[in-house]
Amino acid sequence: MKKIVIISALLAAGMLTGCMGGGSKGGKGKKTSTESSVYVDPETAARAIEAAKQYPIAQVSGTTTLFPDQSQNIGHNANDAYTNDYLMLTTVQKVLDRQSGQNIDVNIEWSCDTSDSFVKELLTIDDKHQGLFFLYKAEQEHDFSFNAKLTCGEAEAQELTFKVHLMDKNLVFPSMSIADIYKINEGNNGFDLVDYTGDYGYYKANNDNFGFCCVEVKGKLIYSSPDGNWALIADGDRTIQLYSSGAGRPLTKTQYPALNIGDTVTVEAELSSYKGNAQVSYIFDISKADVTIEADTDFKALHGTDFDGMHYWEGNLMNSLYSINGTYVGGSLKDNSGNVVSDISQLANARFTFEVVVDGKTLGIAYDYHVDRNGTEGVFDAYKNKLTNLKDGDAVKISGVLRFAGKADKGYKQNQNYTSWNLVPYLAEHFA
């Protein structure tokens, strides 16, 4: 039987030192740092293993704890709809041994049958966790078991067996292009996929057991925010935003290994909007596509007549890449609540906007803090350096992705007569 064996990075170190442990909490002058490696006697190590068995070392999608030898249904939510659950597996569990006062690392080695057709892949999520992902199937359920081996120094290893019951993939994701998502309805007053008869105007549900519009869409990955909050995929000159949303998995390579800039990906998700700007959100899965899609990643020139008075469905504007030549509007820097701010330094790690005039028409420039959440990408500094030195009427050249900026957070209907747009730079180089 072919096996996946997951070995934590600290396993070898633990075998050499007896176990990883911090210093005693008691005693004047004794070390208390958990950074040091000290020998842990077999009796203490055995207690640590027993303690680690009580921790949530296996979790469904990083939230619900699995218990040894107790099978649990996964893959459906409370409404019995497909959720593509994965397993979060701990590879190093730190426990406090109360008798010795030591913090001890217990290493966990996981194994399972990789030849099982329901197993998709195993990923390293961080230095203490791995994720096991499945290929759920329509009209098929499946029992699956996997094992954990807990070790600590010279203590006897302990083995545990976990069981899950994979529910069926009972949602359908119709294949659509990005252009299909943006298709205009016959009334030429909105998107064809949106039902405007309700209070908000939202995408038409296309599964009986799920009240949202599910799609499978392909595109070339052209950007992904460092914190995994959002990304952009493109097909030709059409672009759409991916949003991590409530699915709980950031859009990073540790969670979705197919997320390689420049590669074509297939995304299974629902359609949504934020302030009238379309998003592919609540992402169920991202995988490498079986086709190659070419994308136009050049920033097209945006003129005042292109966006002035344009509704969200008009002009193929939404989520497209543009560059503007304009003039800065002095005193227009505002925080996310619309309050005028004089010192941009106060806005680090926060959303804000300022205004420029393009061909006599006012356009918002918006900072999305997810592009530089930790201040390591240089984007916030680019904003800061630019705005600190700009005076009213100074010329500016800025590139970014264009977003509709409606008044209503959710839905389209209340934004039908609104025509405001924001250009969102996402790299430091987007400021000339």
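The model is predicted, so local features need pLDDT of at least 70 and side-chain atom pairs count only at pLDDT 80 or more, while totals for chains, interfaces and linings use all residues. Residues are numbered from 1 along each chain as its sequence is written, and side-chain values use heavy atoms, with hydrogens and water left out. The protein has 5 helices and 27 strands, and its largest pocket has a volume of about 900 Å³.

**Overall build**

- Helices (H or I, at least four residues) and strands (E, at least two) are DSSP runs, numbered from the N terminus.
- The C-alpha trace of the protein spans about 80 × 60 × 40 Å along its principal axes.
- Of the 432 residues in the protein, 50% are buried; buried means under 20% relative accessible area, exposed over 50%, and partly exposed in between (1.4 Å probe, protein chains only).
- Among contacts with a separation of 6 or more, 65% come from residues 24 or more positions apart, where contact means heavy atoms within 4.5 Å.

**Surface and charge**

- The protein has an accessible surface of about 19,800 Å², and 45% of this belongs to carbon and sulfur atoms; the areas come from the Shrake-Rupley method with a 1.4 Å probe, and for residues only the protein chains shown count as cover.
- There are 38 positive and 55 negative charges, and their mean positions are 5 Å apart.
- Lys and Arg count as positive and Asp and Glu as negative, with His and the chain ends not counted; each charge is placed at NZ of Lys, CZ of Arg, CG of Asp or CD of Glu.

**Cavities**

- On a 1 Å grid over the protein atoms alone, a cavity is a set of points where a 1.4 Å probe fits but cannot get out, a pocket is an open set with protein on both sides within 12 Å along at least five of seven lines, and lining residues have an atom within 4 Å of a point.
- Grid points are joined across faces, edges and corners, and a volume is the space filled by probe spheres set on the points.
- The whole structure holds 2 cavities of 30 Å³ or more, and the largest cavity has about 60 Å³ of space.
- Residues lining the largest cavity include Tyr 86, Lys 120, Glu 121, Phe 133, Phe 134 and Arg 249.
- Strand 9 (119-126) and strand 10 (129-134) are the elements that give two or more residues to that lining.

**The largest pocket**

- The largest pocket, at about 900 Å³, is lined by 38 residues, and the closest to its centre are Lys 275, Thr 353, Ala 366, Ala 405 and Asn 422.
- Strand 25 gives the most to this lining, with 5 residues.
- Elements that each supply at least two lining residues include strand 20 (277-288), strand 24 (352-358) and strand 26 (395-404).
- Asn 422 is found in strand 27 and is buried, with a relative accessible area of 16%.
- Beyond its neighbours within four places in sequence, Asn 422 is in contact with residues including Thr 353, Ala 366, Val 401 and Ala 405.

**Backbone points to check**

- Most residues other than glycine have a negative phi.
- Tyr 282, in strand 20, has a positive phi of about 40° although it is not a glycine, and counts as partly exposed at 26% relative accessibility.
- Asn 316 lies in the loop between helix 4 (304-307) and strand 22 (321-328); this residue has a positive phi of about 50° and counts as partly exposed at 46% relative accessibility.
- Asn 316 and Asn 422 are 106 residues apart in sequence and 14 Å apart in space, C-alpha to C-alpha.
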